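I opened this notebook to record what I looked up in one structure.

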Amino acid sequence: MDIECQSQMIHDNGESYLSDADRAAALQLMGVDVLPLTFDQLFDYNNYQAVCSLIAKKLGVRPARRSDDSRKAETELRHTIFTEWEQMLLP
């Protein structure tokens with residue numbers, strides 16, 4: 001399975017969209033499932049849980065059960081990694 005992060009900063013134009021579509025089609029022809037993910041799917045807790053469930057289902061496994069502390073740490077990590085990168089750019 002190929003999981004790709006689709007950032008608006010990079011992927012929000014016609015040329016990139018066509019390139020992404022060509023790559024995804026080629027991978028799918030080789031038997032590789034392509035799952036494009038957006039910022040909101042990675043940043044928002046409920047969307048992220050839905051993505052985790054989808055990936056687990058495609059892999060034929062159950063999503064791991066996590067403690068409250070583990071979920072909190074996971075959320076903090078995702079928010080650190082998947083911050084609004086455009087805000088990090090210097091003027």
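I began with cysteine 52, which is partly exposed because its relative accessible area is 22%; buried means under 20% relative accessible area, exposed over 50%, and partly exposed in between, with a 1.4 Å probe and protein chains only. Cysteine 5 also counts as partly exposed, at 46% relative accessibility.

I noted the conditions for all entries: this is a predicted model, in which local features need pLDDT of at least 70 and side-chain atom pairs count only at pLDDT 80 or more, while totals for chains, interfaces and linings use all residues. Residues are numbered from 1 along each chain as its sequence is written, and side-chain values use heavy atoms, with hydrogens and water left out.

Entry on disulfides. I searched for pairs of cysteine sulfur atoms within 2.5 Å, the criterion for a disulfide. The structure holds 0 disulfides.

Entry on the second largest pocket. I recorded a volume of about 200 Å³ for the second largest pocket. Of its 15 lining residues, Gln49, Cys52, Pro63, Ala64 and Arg66 are the closest to the centre. A pocket here is an open set of points on a 1 Å grid over the protein atoms alone, where a 1.4 Å probe fits, with protein on both sides within 12 Å along at least five of seven lines; lining residues have an atom within 4 Å of a point. Grid points are joined across faces, edges and corners, and the volume is the space filled by probe spheres set on the points.

Which helix gives the most to this lining? I found that α4 does, with 7 residues; α4 (45-59) and α5 (68-81) each supply at least two. By class, the lining divides into 8 nonpolar, 2 polar and 5 charged residues. Ala, Val, Leu, Ile, Met, Phe, Trp, Tyr, Cys and Pro count as nonpolar, Asp, Glu, Lys and Arg as charged, and the others, Gly among them, as polar.

Entry on the fold. I listed 6 helices and 2 strands, in the order β-α-α-β-α-α-α-α from the N terminus on. Helices (H or I, at least four residues) and strands (E, at least two) are DSSP runs, numbered from the N terminus.

Entry on the whole protein. Buried residues make up 20% of the 91 residues. Among contacts (heavy atoms within 4.5 Å) between residues at least 6 apart in sequence, 67% join residues at least 24 apart.

Entry on methionine 1. I placed methionine 1 in the segment before β1 (2-6); with a relative accessible area of 41%, methionine 1 is partly exposed. Leaving aside neighbours within four places in sequence, methionine 1 contacts Val32, Asp33, Ile55 and Lys58. Its C-alpha lies 8.8 Å from that of isoleucine 55, 54 residues away in sequence.

Entry on valine 32. Valine 32 sits in the loop between α2 (14-29) and β2 (34-38) and is partly exposed at 25% relative accessibility. The C-alpha atoms of valine 32 and methionine 1 are 5.4 Å apart, across 31 residues of sequence. Residues up to four places away not counted, valine 32 touches Met1, Asp2 and Leu27.

Entry on glutamate 4. Beyond residues up to four places away in sequence, glutamate 4 touches Arg23, Leu27, Val34, Leu35, Pro36 and Leu37. For leucine 37, 33 residues along the chain from glutamate 4, I noted a C-alpha separation of 5.9 Å.
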